[in-house]
Amino acid sequence: METKFDVVIVGGGPGGYVAAIRAAQLGMKAAVVERENLGGICLNWGCIPTKTLLRSSEINHLLHNLGEFGFTADNVKFDLPKIVTRSRKVAKQLAGGVGHLLKKNKVTVFDGLAKLAGKQTLAVTKDGKEVATLTAPHIILATGARARQLPGLEGDGKLIWTYREAMVPPAMPKSLLVVGSGAIGIEFASFYRNMGAEVTVVEMLDRILPAEDEEISAFARKSFEKQGIKILTSAKTTKVQKNGDSVTATIEAGGKTQDITVDRVISAVGIVGNVEDIGLEGTGVKVERGHIVIDEYCRTGEAGVYAIGDVTGAPWLAHKASHEGVICVESIARQNDVKPLNVGNIPGCTYSRPQIASVGMTETRAKAAGHEVRVGRFPFVGNGKAISMGEPEGMVKVVFDSKSGELLGAHMVGAEVTEMIQGYAVARTLETTEVELMHTVFPHPTVSETMHEAVLDAYGRAIHF
């Protein structure tokens with residue numbers, strides 16, 4: 001196989017494969033080195049299979065609550081192996097699609113582990129055996145990240161699960177402890193609760209979903225607790241005792257200590273970049289707190305070496321990685337219209353029930369940044385489509401700069417908000433003010449009308465509440 005390229009990407013996840021395809025589109029000779037599965041964690045063990053599982057859990061919830069829609073179903077059961085198999089099948093299908101796209105764009109794929117081995121050089125090995133030595137003036141590190149392991153809470157594949165084990169349960173646990181309430185922890189808590197398990201969530205900070213707006217976080221907590229999820233905030237897991245086929249965790253919260261015995265524990269306490277064993281030693285690549293430091297065009301401190309995606313730090317999102325891949329490659333190709341990534345315009349989504357989505361600043365951060373704000377809110381209970389769907393629980397919140405009318409942030413909780421948030425993301429990218437949003441005609445009946453009403457509410461003009 002050819003070993004000289006214009007650009008080589010280490011890692012075939014949503015950052016790496018997108019960067020490779022964009023490079024090929026721009027006429028570069030591109031290669032990807034992937035040590036495991038094309039599509040990376042996202043397609044194989046993250047975004048896609050978890051959403052497939054969550055869809056099954058939503059159906060399970062609906063089947064057990066058919067009465068309000070005029071239906072009756074007796075002896076409703078689920079087949080867990082089939083649910084897991086479908087999730088894995090969807091992941092495999094999409095990973096195969098990535099391979100097809102790379103082939104279509106004439107991107108060469110190497111199966112193995114890549115390591116920097118001198119200027120413009122990568123050594124590729126597989127199972128300790130040499131595969132190839134690749135050279136390229138531009139090398140992009142897209143090695144992703146892995147689950148963070150806390151001392152005493154390390155995943156063992158049986159009683160203490162990371163996200164990988166939580167996605168392929170051999171049997172449905174009757175009880176679970178989820179440590180961490182970010183998007184990953186909350187999604188698993190939601191899935192297992194909707195499948196019938198007793199779920200307790202432990203969060204070290206004073207509220208769940210700490211990256212979200214405080215109002216949205218509080219709304220989500222009430223909704224989860226109403227579903228039966230037990231939530232302990234300002235809490236710490238101090239000890240874990242394995243008991244054969246169960247786990248007893250000691251939790252400290254509010255000055256009190258309690259023991260909780262569950263079938264399984266899911267550790268969801270964040271991720272750490274894959275910066276080891278890729279040859280960074282002796283280079284100008286700087287690593288801080290487990291992540292590679294880059295500039296606005298994804299350049300590292302080593303000439304000709306770039307980094308994108310989860311290995312570069314928060315926000316740890318597939319769509320952020322993909323966009324960085326495009327920025328990086330277009331910068332290398334010296335495209336005239338390349339713009340640095342505006343992290344404030346990246347939407348974040350949590351696919352629990354209810355869903356949570358946001359873009360831009362929270363109200364608290366906007367005020368801390370010195371903005372005088374106007375805040376608008378609109379509840380789903382005032383929206384005809386949400387009520388007709390049987391989903392009246394939710395709200396939309398928007399934050400504007402009171403002087404300029406800039407949309408500083410938008411925050412949602414409720415059914416299908418992960419599909420709606422892009423409207424506000426586009427608005428922020430276009431630097432839209434409240435005037436354009438007020439004069440935008442929203443279709444009726446749709447849940448998206450809540451977005452319009454929230455904007456109107458910020459200026460005392462809401463119609464339906």
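Let's start with helix α1. Its buried residues are G16, Y17, V18, A19, A20, I21, R22 and A23. That is eight of the 10 residues in the helix, which spans 16-25, so α1 is mostly covered. One caveat before I go on: this is a predicted model.

What do the buried residues of α1 pack against? The list is β1 (7-10), β2 (30-34), α4 (80-104), β7 (138-141) and α8. After α1 comes G27, with a positive phi, near 85 degrees.

Now the α8 side. Take S322, which sits in α8, residues 318-332. Is S322 buried or exposed? Buried: its relative accessible area is 18%, and the cut-off is under 20%. Beyond its neighbours within four places in sequence, S322 is in contact with P14, G15 and V18. V18 is one of the buried residues of α1.

Next, the nonpolar cores. The largest has 31 residues. Which of them touch the most other members? Y192, V199, F224 and I266 do. At least two residues each come from α3 (47-63), α5 (163-167), β10 (175-179), α6 (183-194), β11 (198-202) and α7 (214-226). Helix α6 gives the largest share, five residues.

Look at Y192 in detail. Leaving out neighbours within four places in sequence, Y192 is in contact with W161, A166, P169, M172, P173, L176, A197, V199 and I266. A separate core holds 28 residues, including F378, I421, A427 and A458.

On to charges. The whole structure has 23 salt bridges.

First pair: E276 and R146, with the closest N and O atoms 3.0 Å apart. E276 is in the loop between β17 (271-273) and β18 (287-288), and R146 is in strand β8 (residues 145-147), so the bridge ties together parts 130 residues apart in sequence. Both ends are partly exposed: E276 at 41% relative accessibility, R146 at 33%.

Next pair: K242 and D156, closest N and O atoms 2.7 Å apart. This one also links distant parts of the chain, 86 residues apart: K242 is in strand β13 (residues 235-242), and D156 is in the loop between β8 and β9 (160-161). K242 is partly exposed at 40%, and D156 is partly exposed at 33%.

Then E288 and K286, whose side chains meet at 3.1 Å, N to O. Here too, E288 is partly exposed at 41% and K286 at 47%.

Finally, the network. Salt bridges link D213, E215, E363, K367, R377 and K397.

Key: Residues numbered from 1 in each chain as written. Predicted model: local features only at pLDDT ≥ 70, side-chain atom pairs only at ≥ 80, totals over all residues. Heavy atoms only, no water. Helix = DSSP H or I, 4+ residues; strand = E, 2+ residues; numbered from the N terminus. Buried < 20%, exposed > 50% of the residue type's maximum accessible area, 1.4 Å probe, protein only. Contact = heavy atoms within 4.5 Å. Core = buried A, V, L, I, M, F, W, Y, C linked by side-chain atoms within 4.5 Å. Salt bridge = Lys/Arg side-chain N within 4 Å of Asp/Glu carboxyl O.
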